[in-house]
Amino acid sequence: MWIICLLLLPLVAASSNTRLLNGILNHVDKEANPCENFYNHACGQYNMRHMDDTFFDIIQMLDHQVNQNLVKVMDDLELSSQSPDFNVSSVDGKVLRYYLSCRGAPRNMDSLSEYLKVISPGEGLTWPQFIPDGSSWPQENFKWLETLAHLHRYGLTNVFFNLEVVSNPRNATEYMVELNTPTFGEESQLPNSFIEILSVLYVMKVPSSEIITLARKIRTLELSLKTMINPIDRPNNRYISIRDFEMETGHNWQRFFEILIGSSAAPELQVLVRNFRYFTSLKELMDKQDARLVASYIMTRFAIFLFDETTGGRESAECVSQMRRNLNLAASMLYKERFFEHSAFSGNVLEIKDIFEKLRHQFLLQVDQNHLELTALQKKFVVRKAEAIEINVGNLPKTDNLRQFVGQYYQDLQFPTGELDYHQLHLKVLQFRTQKMLAQIQQRALRGAEYFDLQEPSSAIASTSYYVMRPNVIIVPLGLLQEPFFQLESDDVFKYSLMGYILAHHLISAFATEGITIGSDGNDQPFRSHRFEEAVSCLSRNADNIDETMGDIAGLELAYSTYAKMAKNRNRLDFTHLPPEQIFFLNAGQFFCGNSDMLVQYKEDQVRLQRAIEGFEPFDKAFGCNRNKPQHEKCRLW
Ligand SMILES: *[C@@H]1O[C@H](CO)[C@@H](O)[C@H](O)[C@H]1NC(C)=O
Ligand SMILES: *[C@@H]1O[C@H](CO)[C@@H](O)[C@H](O)[C@H]1NC(C)=O
């Protein structure tokens, strides 16, 4: 037995190495010169290999696999629900119920009016469009801010203003409400396209003779909001109590917060208001508006919000995705239980933490060389913060009993029994999700090893890793623990070039332009360094997203130097005669591969990769590129 195990072990490793390597080589276009255009070389065959795929890149492919796997979990749950022992009020029962209601749901724009009949703009009030012919809409009963408070309870935001729950920038051990101007989409410069507004009004059965006029008025209202946001205004942010906020702006904020968060909305509750002047001007604007128009506008935005929340059909994979969006903690638990043996999971976690440990060590060596000429105090600050960074694999809470924790977490989510009604269940879930987010205001903020992220729907459905700034934590989703992204048994060259690269990217972004102004305690802390600013301006010469660029460039250098140091006594690999350096850069580069049909994303990724390797000496050496040709000067960060 022992001998067989010992013999098999290297075999497993060898086969995973070969498999990973073949996967990499499959995407390479040997005709394209790596020194001229590395993207074309590393990703040249990507399109060919993924012609019929529904996903765009490697991360989306992993997500696709996660969804397929979760469909299996749901099928199993459905089967076990036939047994008399199945507990419908357990997490499994709730997840299954939501999933099945999605599977059987009518899904079209028409169903939006079903929601809007259930959710009214206020006590004893319906939306103007649902008033029976002949009667008039009692507009004196309509209070726009109260209506917004009701709809915020379902997660609507960014209408007239944006509301978020954030870590208090002065004291990261607590959360607070942050109010800000609404954000407007880039393309149309307005939140919604005209067509979108028209179609919502149409579905809402607004008489066709009024649709165009109403849509135009909505447009004008949005434009006047937009002109109130003056981008050249100096930032004017204020920490203010609800009471004072109400007094200074003339809006009934006390009532708004009572509806939103209930009795804990004391007049003394502090909120953070960004762009304070906007909120004083808002009063003037709103006083002039026709109540019917404002109600119609809010209704339109809410309908669009609900529609965006439920897009996708009722196929199994789409409903699994819907479930991940809204019940993400339960989804992670089920996924982990089903696809990771306890020991396999901890093996993965240990290895990822070990990789990060090596990266951190290398980073601290670089900091110690002090190229940026930091003061002793600044150095200490960087070291302390780097040492405090934690990794949460799977975005799971720190607990010995995950099932129990998750059961308690979803305790307040109660679904009505009886026939499955997707609209009803979905509204419950939206409300639950928002309550969890708002409840943080009353709780101590989790930090470091205790932290797990109440994810936004967009991050809940993506296997993208990310760094959460104030808690100082890197989240590595479970979806990344699959081939080709990460394979425990594989050679370091694979591990350090992908998992290592993205971890290094996050480590660097903890000290990019935003992160460097936040201390290891999560609080704002000014940081001034001439050399750092020089590096930033050098890097931003041809980049819009400077923090991302820093991660791409300095992260690659960090991951590579960490790997090179570990592998320095080894100049060849036993499963290939390709030099390890080439494999390293190919694997790292292929993180950026994507389908060229998605042109904008494709071009952006191409630029990102090219910037990361340009002028990087080990890269030129690995591929024998001629360094004599004129190079852009490499901007040095750490
Ligand atoms: C069913 O699950 C709920 C919630 O986890 C629990 O409180 C209850 O005791 C369970 N019922 C049975 C019969 O196990
Ligand atoms: C930070 O917030 C916590 C929780 O509200 C509080 O106990 C603590 O005193 C605050 N610290 C500072 C420095 O204000």
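## A buried asparagine

At 6% relative accessibility, asparagine 395 counts as buried, because the cut-off for that label is under 20% relative accessible area. This is a predicted model, so keep in mind that local features are only reported where pLDDT is at least 70. Asparagine 395 sits in the loop that runs between strand E5 and helix H18 (402–409).

Now for the strands. E5, E7 and E6 make an open sheet of 3 strands, in the order E5-E7-E6, with mixed pairing. Strand E5 (390–393) and strand E6 (466–468) are the edges, each pairing on one side only. On average, neighbouring strands here are turned by 25 degrees against each other, if you ignore direction.

In which sense do E5 and strand E7 (residues 473–476) pair? They go parallel, over 4 bridges.

Helix H16 (residues 342–369) touches E5 and E7, and its direction makes about 150 degrees with that of E5. Helix H22 (residues 499–509) touches E5, E6 and E7, with its direction at about 150 degrees to that of E7.

## Around ligand 2

Which residues surround ligand 2? They are Asn171, Thr173 and Glu174. For asparagine 171, a polar side-chain atom lies 2.3 Å from an oxygen atom of the ligand. Glutamate 174 has a side-chain N or O atom 2.6 Å from a ligand 2 oxygen, while for threonine 173 the corresponding separation is 3.3 Å.

How much of ligand 2 does the protein bury? Taken alone, ligand 2 exposes 360 Å², and the protein buries 29% of that.

A bit of context for the torsion-minded: most residues other than glycine have a negative phi, and most peptide bonds are trans. A few spots in this model go the other way.

Asparagine 158 has a positive phi of about 70 degrees although it is not a glycine. You'll find asparagine 158 in the loop between helix H7 (144–152) and strand E1 (162–168). Is asparagine 158 buried or exposed? It counts as buried, because its relative accessibility is 15%. Glutamate 373 also has a positive phi, near 55 degrees, and lies in the loop between H16 and helix H17 (376–388). With a relative accessible area of 54%, glutamate 373 is exposed. H16 is the helix that packs on the sheet against E5 and E7.

Then there's the peptide bond from glutamate 483 to proline 484, which is cis, with omega near 0 degrees. Proline 484 belongs to the loop between E7 and helix H21 (492–497).

Methods. Residues are numbered from 1 along each chain as its sequence is written. Chains are lettered from A and ligands numbered from 1 in the order in which they are written. This is a predicted model: local features need pLDDT of at least 70, side-chain atom pairs count only at pLDDT 80 or more; totals for chains, interfaces and linings use all residues. Side-chain values use heavy atoms; hydrogens and water are left out. Two strands pair if DSSP finds at least two bridges between them. Helices (H or I, at least four residues) and strands (E, at least two) are DSSP runs, numbered from the N terminus. Axes are lines fitted to C-alpha atoms, for helices over the stretch in contact, and angles run from 0 to 180 degrees between N-to-C directions. Contact means heavy atoms within 4.5 Å. Buried means under 20% relative accessible area, exposed over 50%, partly exposed in between (1.4 Å probe, protein chains only). A residue is near a molecule or strand if one of its heavy atoms lies within 4 Å of it. A polar contact is a pair of N or O atoms within 3.5 Å; within protein, one must be able to donate a hydrogen and the other to accept it, and residues adjacent in sequence count only if both atoms are side-chain atoms. Accessible areas come from the Shrake-Rupley method with a 1.4 Å probe; for residues, only the protein chains shown count as cover.
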